[in-house]
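Student: I would like to learn how the features of a protein model are read, one at a time, with the general idea given before the particular case. Could we begin with the aromatic rings?

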Amino acid sequence: GIFVEGYKFMASRSHFINNTAQNGGGVAIGSFLGDSSIVNFWFISNQGVAFRSNSVGDTYVDFSHFISNNASIGGAIFHSNSINSNYYINNTEFSHNTASASGGAFHADALASFIGQYTNFYNNSAVVQGGAVSIMKGYVDIRTCKFIENSCNDGSAGALWSFGEDGLLIDSSTFSFNTARSAAGIYVLGQSSISNSIFESNNSTGGG
């Protein structure tokens, strides 16, 4: 893969397939101040996180595909400890990504905000929390997204796990056929607002 340290990372129309690393099998972004942008990327079957970032700048992911990637935390994307960062994900697909701990598709230790629009999460899985998305700290804004058949069968939140107490907004989105031991669709700690959305055929063996 690629390891980047510097002020800004911008890339488009690229494929990262079958790369392996402990941190960032596809692309690893080191600590720097600039923004990151990936457009029309394909991350397929990478081991050890397809895209890892530790930047204090914002990250933009557009028209990209994350398929069958695997890691312990954040099967496709892992963002660590940067409370001033914003993550913008638009028109992107996450499918069949897995994490042996948290965030089958996406995990963040800390963010200012996670903004997802017109993005689909299909068949992602984790063991501990957040079959598709796990966010420890930060405002979460989900609009016109689909969470379908994601799972966290030994833990909490088949689709989305938000623990940051910074607020959760969901609008015009669909959560269907997600499974977990508890909270089949969403687990949220803190204020939440949900409108114009569909929750259908989610299943929890515990509650929620």
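Tutor: Rings of Phe, Tyr and Trp (its six-membered ring) pair if their centres lie within 6.5 Å, and planes under 30 degrees apart count as stacked, over 60 as edge-to-face and the rest as tilted. By that rule the structure holds 15 aromatic pairs. Before we go on, note that this is a predicted model, in which local features need pLDDT of at least 70 and side-chain atom pairs count only at pLDDT 80 or more, while totals for chains, interfaces and linings use all residues. Residues are numbered from 1 along each chain as its sequence is written, and side-chain values use heavy atoms, with hydrogens and water left out.

Student: Which geometry do Phe106 and Phe114 have as an aromatic pair?

Tutor: A pair of aromatic rings is described by the distance of the centres and the angle of the planes. For Phe106 and Phe114 the centres are 4.8 Å apart and the planes make 55°, and the pair is tilted. The rings of Trp161 and Tyr187 have their centres 5.8 Å apart with 15° between the planes, so this pair is stacked.

Student: Where in the chain do Trp161 and Tyr187 lie?

Tutor: Helices (H or I, at least four residues) and strands (E, at least two) are DSSP runs, numbered from the N terminus. Trp161 lies in strand β21 (residues 160–162) and Tyr187 in strand β25 (residues 186–188), so the pair ties together parts that are 26 residues apart in sequence. Over the whole chain, the secondary structure comes to zero helices and 28 strands.

Student: Which residues touch the most other members of the largest nonpolar core?

Tutor: A nonpolar core is a set of buried Ala, Val, Leu, Ile, Met, Phe, Trp, Tyr and Cys residues joined through side-chain atoms within 4.5 Å. The largest one here has 32 residues, and those that touch the most other members are Phe66, Ile77, Tyr87, Phe106, Phe114 and Phe147. Among the elements that give two or more residues to this core are β4 (36–44), β10 (86–90) and β13 (106–108), and β4 gives the most, with three residues.

Student: Which residues does Phe114 touch, not counting those up to four places away in sequence?

Tutor: Contact means heavy atoms within 4.5 Å. On that count Phe114 touches Tyr87, Ile89, Phe106, Ile135, Tyr139, Val140, Asp141 and Ile142. Phe63, which is placed in the loop between β6 (59–62) and β7 (65–67), is in contact with Asn40, Phe41, Asn90, Asn91 and Thr92, leaving aside its neighbours within four places in sequence. Across the chain, 77% of the contacts between residues at least 6 apart in sequence join residues at least 24 apart.

Student: How many bridges join strand β20 to strand β24?

Tutor: Two strands pair if DSSP finds at least two bridges between them. Strands β20 (residues 151–156) and β24 (residues 179–182) run parallel and are joined by three bridges, with Ser182 in β24 as the bridge partner of Ser156. Two bridges join β24 to strand β28 (residues 203–204), also in a parallel arrangement, and Ala180 stands opposite Ser204 in β28.

Student: What is there to read in the backbone at Ser45 and Ser201?

Tutor: Ser45 has a positive phi of about 55° although it is not a glycine, and Ser201 likewise has a positive phi of about 55° without being a glycine. Ser45 sits in the loop between β4 and β5 (51–53), while Ser201 lies in the loop between β27 (198–200) and β28. Ser45 is partly exposed, because its relative accessible area is 23%, and Ser201 counts as partly exposed at 44%.

Student: How many disulfides does a search of the whole structure find?

Tutor: A disulfide is a pair of cysteine sulfur atoms within 2.5 Å, and the search finds zero of them. Cys145 counts as buried at 2% relative accessibility, as does Cys152 at 0%.

Definitions and conventions:
Buried means under 20% relative accessible area, exposed over 50%, partly exposed in between (1.4 Å probe, protein chains only).
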